[in-house]
2 protein chains.
Amino acid sequence: MDIQLDETDRRILDELTRDGRMSVRALAEVVNISRSHAYSRLERLQDLGVLEGFSAVVNPARSGLGTSAYVTLTVRQHSWRDLSERLRHVPEVKHMALVGGGDVDVILLVRTRDNEALRRVVLDVLQAIPGVLSTHTFLIFEDLSNP
Amino acid sequence: MDIQLDETDRRILDELTRDGRMSVRALAEVVNISRSHAYSRLERLQDLGVLEGFSAVVNPARSGLGTSAYVTLTVRQHSWRDLSERLRHVPEVKHMALVGGGDVDVILLVRTRDNEALRRVVLDVLQAIPGVLSTHTFLIFEDLSNP
DNA sequence: TTTGAAAAATAATGACC
DNA sequence: GGTCATTATTTTTCAAA
């Protein structure tokens with residue numbers, strides 16, 4: 001899984017993380033390589049699976065998702081494949097992680113319109129999943145992403 | 001904080017979340033509006049702060065960040081401003097949330113090169129922050145983002 | 001690997017329904 | 001909001017150095 005990335009690769013990823021719509025021309029300029037080379041690098045990074053794609057950065061609260069929470073799950077059997085597949089179909093679940101190191105097995109980042117919708121997701125959707133023994137909800141008052 | 005978004009706005013955000021480098025021409029086509037109109041919508045969404053920008057989607061593991069963990073913090077005084085400002089300068093902290101609903105005050109998503117680097121971040125950086133009473137680390141075995 | 005040329009596609013703006 | 005027209009940029013490929 002480990003891949004050799006040199007300084008140029010890292011700077012390319014940095015720049016594109018900062019501005020995902022930056023033109024290849026401008027990118028080549030700031031990292032001091034030729035345009036052709038920039039194209040090759042990009043293609044290579046995508047082929048390697050390092051650069052998975054590009055996405056809009058949307059403010060959850062301002063786009064109608066006023067409530068966020070971390071929800072932890074304790075599950076009976078660790079059929080992570082089935083569980084993650086099932087969770088992937090819950091649009092309110094924005095991020096899911098299988099974890100170790102405590103009494104908790106799964107941590108979910110959930111975003112909903114309001115608290116009532118969060119309640120429904122936790123009680124009617126998550127707790128209804130077979131194998132889910134218990135849940136705990138940590139309401140998020142404020143959250144920040146770090147580039 | 002609440003903003004009126006219609007179906008078209010939502011579809012624009014959906015499409016750009018799926019492909020952040022999609023051309024405005026293609027975007028206008030799939031959501032059935034004119035190009036000029038698409039430009040206006042985009043400008044409006046950015047002005048409203050709904051669309052914050054665009055970013056590359058980088059695979060953490062393949063880009064050299066082989067270890068990920070959720071680290072919870074219990075803090076003495078809730079000087080969230082100071083704390084979040086301080087955490088923002090820790091590059092390994094990718095996401096931070098001020099939460100309620102348990103004995104935990106802050107939840108951090110941390111990504112490092114390896115377990116040793118994670119240990120250093122938790123022990124030398126996070127636990128060294130004034131006001132941080134205790135930490136708990138949940139190692140992430142696998143994690144997925146949901147579009 | 002770099003540079004330059006050149007065609008095709010796209011961005012961005014403005015005038016006008 | 002929408003359409004059309006226009007100009008500026010960018011993408012992408014290819015050949016040559």
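Modeller: The centres of domain 1 and domain 2 of chain A, taken over C-alpha atoms, are 37 Å apart. This is a predicted model, in which local features need pLDDT of at least 70, side-chain atom pairs count only at pLDDT 80 or more, and totals for chains, interfaces and linings use all residues. Residues are numbered from 1 along each chain as its sequence is written, chains are lettered from A and ligands numbered from 1 in the order written, and side-chain values use heavy atoms, without hydrogens and water.

Colleague: What are the bounds of the two domains of chain A?

Modeller: Domain 1 covers 7-47 and domain 2 covers 67-139; such bounds come from an automatic or database domain assignment.

Colleague: Why is the pair Glu142(A) and Arg81(B) called a salt bridge?

Modeller: The term requires a side-chain nitrogen of Lys or Arg within 4 Å of a carboxyl oxygen of Asp or Glu. The closest N and O atoms of Glu142(A) and Arg81(B) are 3.5 Å apart, so the pair qualifies. Between chain A and chain B the count is 2 salt bridges.

Colleague: What makes Ser36(B) a polar contact of DNA strand D?

Modeller: A polar contact is a pair of N or O atoms within 3.5 Å; within protein, one must be able to donate a hydrogen and the other to accept it, and residues adjacent in sequence count only if both atoms are side-chain atoms. A polar side-chain atom of Ser36(B) lies 3.0 Å from a base nitrogen of DNA strand D, and therefore meets the limit.
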